[in-house]
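Reader: Please show me the model. Then take me through how its chains are built.

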Amino acid sequence: MSTLEIPVRRRPEPEPPALARRAWVEHLMGTAVSVHVRTPDPDRPDIGAAVARVFAHLRRADAVFSTWRADSDLLRLQHGETDEVHAWLGDVTLLCLEAEERTDGLFSAWRSRRHGRAVFDPTGLVKGWALAGAAAHLDVLPDIAYALGAGGDVVVGAGSGLTGDEPTWRIGVEDPARAGHVVDVVPVRRGAVATSGSSARGGHVVDPRTRCAVVRPGSATVIGPDLTWADVWATAAWVDPGRAARLLAERDPGYRLLGH
Amino acid sequence: MRRITTWMLSTVSALVLLFSYHTSTGSGVGSSAVAVADPTVNGSTEDGPGSSTGSATPTPEPTTPDPTSGAEGTYTGDAVQTRYGPVQVEITVSGGKITESVVTQVPWNDHHDQQINSYAVPILNEEAVRTQSADIDMVSGATFTSDGYVRSLQSAIDQANL
């Protein structure tokens, strides 16, 4: 009786797969939305499906909150045309109240008018909130890292499987004085970067205390865990940098302010 | 030629880290200095290079006027005590340019500092990045419209990865 020796070829240790990168862009909410993923195989069908859900989520947010479309839930409610609106409207209203309180009124979704009652316009909060919610569709995917950006706000994260090993995304902060140039680079593995300023659209942020548009050069960037609050604080910091910095340190020290 | 290459606002209370850097232009002598200044203490950050409080090692060596030479390598500035804690900066110089600047030591006072630093550490801020947008993955800026996107830096980055 003999023992048959079977040659065993040792398999080489699998090297960590190189991350390939792929981007998707769609024009939504009046701006461009970019989704970038890094993963060994960016053509995986579940990734394509999740990216489609990201865009669908944002389209739905636009349909609910748009102040441009007369058929949005927000405008139909305000015009007294319906009482049946998407539940998101309630969520966002509460967040707007909280944002006003947290920022001592530097952020306000209620625009007071000289004659008549205040108009509720949650646009300043909705974009960051909607992007943060849309990103959740990518959080559940295995082995991907992602960056989602829309109109200058960015949320970065990773799905399951890359924990502790997420690649770093270099988020450039645009020079408010020179479009297309970068004044700062923020490396982020998970988190959010939001910038508020007047460089791209003129003074579109209104100081709730004076009802006047904030018109001056520069911008304010806030980095932190959640894009909803990074966005709110960036707006507050643009309205009053010194005050917002003090409040931020006191109430939301998980967020960091950069001024340019 | 002196240039203030970098501003960085760290912590919410406006701690400014100021790097000053001499290029090798003209003299062909590469040298570098790293300064960390707290504006609330020193009050004159605009003229940063003159008010440097920390300095980096190595001693510049005179070389032939070759723009690609210069003080290659990584330089670590002195750790400077600020009211927020110790701050230390490291820069990497290559081909006569700062290619990287990293805050190697930042105040970690409490749990909140650690929390934010684990999420996002805003540690890079160098003049080099202004011309190295190719290294940027995404752009944060004041809101741009769908039309504005076409000319944006974000659009260029997207195009490279579509």
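Author: Helices (H or I, at least four residues) and strands (E, at least two) are DSSP runs, numbered from the N terminus. This is a predicted model: local features need pLDDT of at least 70, side-chain atom pairs count only at pLDDT 80 or more, and totals for chains, interfaces and linings use all residues. Residues are numbered from 1 along each chain as its sequence is written.

Reader: How many helices and strands are in chain B, and in what pattern?

Author: Chain B holds five helices and eight strands. Read along the sequence, the pattern is β-β-β-α-β-β-β-β-α-α-β-α-α.

Reader: How much of chain B is buried?

Author: Buried means under 20% relative accessible area (1.4 Å probe, protein chains only). Chain B has 162 residues, and the buried share is 50%.

Reader: What covers the buried residues of H1(A)?

Author: Helix H1 of chain A spans residues 45–65. Its buried residues include Ile47(A), Val54(A) and Phe65(A). Among the elements covering the buried residues are strand E1 (20–28), helix H3 (87–102) and helix H4 (123–139) of chain A.

Reader: Which strands stand at the edges of the three-stranded open sheet?

Author: Two strands pair if DSSP finds at least two bridges between them. The sheet order is E8(A)-E7(A)-E8(B), with mixed pairing. Each edge strand has a single partner strand, so one side of each is left without a neighbour in the sheet; these are E8 (182–188) of chain A and E8 (138–140) of chain B.

Reader: In E8(A), which residue is the bridge partner of Trp169(A)?

Author: Strand E7 (residues 169–174) of chain A and E8(A) run antiparallel, joined by six bridges. The partner of Trp169(A) is Val188(A).

Methods
Chains lettered and ligands numbered in written order. Heavy atoms only, no water. Expected span 1.5 Å × (residues − 1). Contact = heavy atoms within 4.5 Å.
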